Amino acid sequence: MFGDDMILKGMVLLLILAGALGCLVIIRTDWKRYGFLYLASAVSANVLCYAFVSSGFYSYPNNVLHGDALIPYGLVSTVFPFLVLSGVRYSPEKWIWKIPFYWAVVHLGVLGEVILRQTSFFVFGPEWDLWDSYTLWWLFYLLFELLGGKIVPDNVRRPINASSFRYGKWAWIVLHIIVISTIFLAGIYVGKTVF
């Protein structure tokens with residue numbers, strides 16, 4: 001557990017501000033299409049979050065659900081849509097490269113969830129675990145990738161070049177650093193929680 005909730009709230013606020021700024025930068029390229037995608041992802045993420053909290057799958061103790069908008073509403077309304085917008089704007093054109101791209105995105109998201117879970121802000125219910133979250137992250141981002149492909153035309157996208165995912169190139173290196181380090185950290189986490 002983190003000792004000082006104020007430091008954690010400050011870090012979460014910085015993350016929210018960065019997500020909001022990132023959303024605004026991408027929305028400026030085509031405010032109608034990316035704006036619609038932002039609204040669709042923010043609304044659906046908040047509805048899902050509310051439904052899961054109402055079902056008891058996870059909770060936000062210490063009155064942060066209703067008494068403080070930072071978690072979950074602030075995070076869910078900025079960081080999740082920023083990842084959706086970034087995915088639609090920058091994911092490679094071919095699905096053979098989109099999957100590794102989203103693999104890294106999902107691993108970073110679940111890592112953030114594990115970090116939040118170590119605080120007093122976020123608690124899993126007995127019916128929910130990281131595998132449920134992992135699956136939901138995949139479904140959420142791949143569905144929005146499909147929706148974004150229908151809404152956002154190619155001329156306002158900036159896909160990462162497929163050759164960047166080849167051995168030794170920058171995207172290959174970044175992907176491997178993210179995936180290998182998060183898998184290693186997941187092994188440590190499982191070891192701590194199981195044994």
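The legends below describe an overview and several close-up views of a predicted model.

**Figure 1. Overall fold of the predicted chain.** The chain contains 6 helices and 2 strands. Followed along the sequence, these elements occur in the pattern α-α-β-α-α-β-α-α. The C-alpha trace spans about 45 × 40 × 30 Å along its principal axes. A compact globule of 195 residues would have a radius of gyration near 16 Å, and the value of 17 Å for the chain agrees with this. Among contacts between residues at least 6 apart in sequence, 76% join residues at least 24 apart.

**Figure 2. Surface and charge of the chain.** Of the 195 residues in the chain, 44% are buried. The chain exposes about 11,100 Å², and carbon and sulfur atoms supply 71% of that area. Its charged side chains comprise 14 positive and 11 negative ones. The centres of these two sets lie 14 Å apart.

Figure 3. A disulfide is a covalent bond between the sulfur atoms of two cysteines. To be counted here, a pair of cysteine sulfur atoms must lie within 2.5 Å. The count for this model comes to 0 disulfides. Cys23 is in no disulfide, and the nearest cysteine sulfur, that of Cys49, is 16 Å away. Seen from the other residue, the closest cysteine sulfur to that of Cys49 belongs to Cys23, and because the separation is 16 Å, it is too far for a bond. Cys23 has a relative accessible area of 3% and is therefore buried. Cys49 is also buried, with a relative accessible area of 6%. Both values fall under the 20% limit that defines a buried residue.

Figure 4. Strand β1 covers residues 58-59, and Ser59 lies within it. Is the residue buried, exposed or partly exposed? Ser59 has a relative accessible area of 31%, so it is classed as partly exposed. Leaving aside residues up to four places away in sequence, Ser59 touches Phe121, Phe122 and Val123. Ser59 and Gly125 are 66 residues apart along the chain, while their C-alpha atoms are separated by 7.2 Å.

Figure 5. Helix α1 runs over residues 5-27 and includes Ala20. With a relative accessible area of 26%, Ala20 is partly exposed. How far apart in space are Ala20 and Ile178, C-alpha to C-alpha? The distance is 23 Å, for two residues that stand 158 residues apart in sequence.

Figure 6. Helix α6 comprises residues 170-194, and Ile183 is placed in it. Ile177 is likewise found in helix α6. Which class does Ile177 fall into, buried or exposed? Ile177 counts as exposed because its relative accessibility is 54%, and the limit for that class is over 50%. Ile183 has a relative accessible area of 46%, so it is partly exposed. The C-alpha atoms of Ile183 and Leu111 are separated by 9.6 Å, although these residues are 72 residues apart along the chain. For Ile177 and Gly149, the separation along the chain is 28 residues, and their C-alpha atoms are 28 Å apart.

Methods: Residues numbered from 1 in each chain as written. Predicted model: local features only at pLDDT ≥ 70, side-chain atom pairs only at ≥ 80, totals over all residues. Heavy atoms only, no water. Helix = DSSP H or I, 4+ residues; strand = E, 2+ residues; numbered from the N terminus. Rg over C-alpha atoms; globule rule 2.2 N^0.38 Å. Buried < 20%, exposed > 50% of the residue type's maximum accessible area, 1.4 Å probe, protein only. Contact = heavy atoms within 4.5 Å. Areas by Shrake-Rupley, 256 points an atom, 1.4 Å probe, with all protein chains shown as cover. Lys, Arg positive; Asp, Glu negative; His and termini not counted. Charge placed at Lys NZ, Arg CZ, Asp CG, Glu CD.
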